[in-house]
Amino acid sequence: MIKLIGMMDSPYVRRVAVSLELYGVAFESQPLSVFSTFEEFSRINPAVKAPTLVLENGTRLMDSSLILNYFEAQAAPERRLLPVTPDALANDLQTLGFILAAAEKAVQNVYEHNLRPAEKQHNPWIERITVQLLAACREWNALLEARPENAVADQVAVTSTVIWTFIQSMIPHVVNAGDFKKIQAVADVFENQAAFKKYPFS
């Protein structure tokens with residue numbers, strides 16, 4: 001069986017898990033940490049990168065977007081999470097780009113505050129990544145406002161929801177939910193759906 005390696009407190013691991021559920025792909029979740037189970041993880045993937053997905057033939061895929069590209073290419077039309085027409089696809093990829101940019105800066109923010117000793121923190125760097133994070137969130141929120149309402153999960157909905165839940169769980173003091181009402185509204189809708197409840201942030 002396909003194995004997904006990584007913890008559900010990673011928005012990237014959770015993004016893959018929820019997407020695989022929506023694709024109808026059976027997999028085994030193997031919740032290894034890149035920190036506390038580093039050695040065990042390294043025996044599967046020496047780069048110790050989460051998510052790592054191991055196919056049944058032993059091929060290892062890394063990076064949530066690359067993993068999802070693989071499954072999107074094989075998905076039946078009714079299971080696809082991205083549009084196929086060029087303009088619609090470009091619009092979704094634009095939105096995903098800003099969401100993933102926000103995710104990257106949010107993870108950096110968490111690492112700076114939770115892993116780096118206070119005496120080694122560089123405030124200008126923290127200020128810079130925070131500016132980038134908030135700018136990405138503003139674009140993300142505006143792009144969601146421009147999208148038609150849809151209660152059926154697609155890749156924008158999946159990625160938006162799991163990244164926002166991560167941000168609000170880890171750094172709500174940095175990103176005020178009240179400033180990004182559309183992102184919050186989307187997360188409220190989809191976190192109540194079965195695929196998201198099956199793989200909760202934890």
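This is a predicted model: local features need pLDDT of at least 70, side-chain atom pairs count only at pLDDT 80 or more; totals for chains, interfaces and linings use all residues.

Colleague: What covers the buried residues of H1?

Modeller: The cover includes strand E1 (3-5), E3, H3, H4, H6 and H8.

Colleague: How should I read the span of H1 from its first C-alpha to its last?

Modeller: The span is set against an expected value at 1.5 Å a residue. H1, with 13 residues, reaches 18 Å, close to the 18 Å expected. After the helix comes Gly24, whose phi is positive, near 80°.

Colleague: Where do positive phi values occur in a residue other than glycine?

Modeller: Val48 has phi near 50°, and Asp63 has phi near 75°. Val48 is found in the loop between H2 and E3, whereas Asp63 lies in the loop between strand E4 (60-62) and H3.

Colleague: Are these two residues buried or exposed, or do they fall in between?

Modeller: Val48 has 11% relative accessibility and therefore counts as buried. Asp63, at 30%, counts as partly exposed, because that class lies between the limits of 20% and 50%.

Colleague: Which peptide bond is cis?

Modeller: A cis bond is read from omega, and the bond from Ala50 to Pro51 has omega near 0°. Pro51 is placed in the loop between helix H2 (38-44) and strand E3 (52-54), and Val48 is in the loop between H2 and E3 as well.

Colleague: How does one read a nonpolar core, and how many residues has the largest one?

Modeller: One looks for buried nonpolar residues joined through their side-chain atoms. The largest such core has 52 residues, and those with the most contacts inside it are Leu53, Phe71, Leu133, Trp140, Trp164 and Ile167. Two or more residues come from each of helix H1 (11-23), helix H3 (64-74), helix H4 (86-114), helix H5 (123-146), H6, helix H7 (181-190) and helix H8 (194-198). H6 gives the largest share, eight residues. The core also draws at least three residues from each of domain 1 (1-72) and domain 2 (84-196). A second, separate core of five residues includes Leu32, Phe41, Val48 and Val54.

Colleague: What is Ile167 in contact with, leaving aside its neighbours within four places in sequence?

Modeller: With those neighbours left aside, Ile167 is in contact with Ala106, Leu133, Trp140, Pro172 and Val175. Of these partners, Leu133 and Trp140 are also listed among the residues with the most contacts inside the core.

Colleague: Let us turn to a polar residue. Where is Thr165, and with which side chain does its side chain make a polar contact?

Modeller: Thr165 is in helix H6 (residues 155-170). Its side chain makes a polar contact with the side chain of Glu191, at 2.5 Å. Thr165 counts as buried because its relative accessibility is 17%, under the 20% limit. Beyond its neighbours within four places in sequence, Thr165 is in contact with Arg14, Glu191 and Phe201. Arg14 is one of the buried residues of H1.

Colleague: Finally, what is Ile2 in contact with, leaving aside its neighbours within four places in sequence?

Modeller: Ile2, in the segment before E1, is in contact with Val25, Ala26, Phe27, Glu28, Leu53, Val54, Leu55, Glu56 and Phe71, those neighbours left aside. Although Ile2 and Glu28 are 26 residues apart along the chain, their C-alpha atoms are separated by 6.2 Å. Ile2 has a relative accessible area of 11% and is therefore buried.

Methods: Residues are numbered from 1 along each chain as its sequence is written. Side-chain values use heavy atoms; hydrogens and water are left out. Helices (H or I, at least four residues) and strands (E, at least two) are DSSP runs, numbered from the N terminus. Buried means under 20% relative accessible area, exposed over 50%, partly exposed in between (1.4 Å probe, protein chains only). A polar contact is a pair of N or O atoms within 3.5 Å; within protein, one must be able to donate a hydrogen and the other to accept it, and residues adjacent in sequence count only if both atoms are side-chain atoms. Contact means heavy atoms within 4.5 Å. A nonpolar core is a set of buried Ala, Val, Leu, Ile, Met, Phe, Trp, Tyr and Cys residues joined through side-chain atoms within 4.5 Å. Domain bounds come from an automatic or database domain assignment. The expected span of a helix is 1.5 Å times one less than its number of residues.
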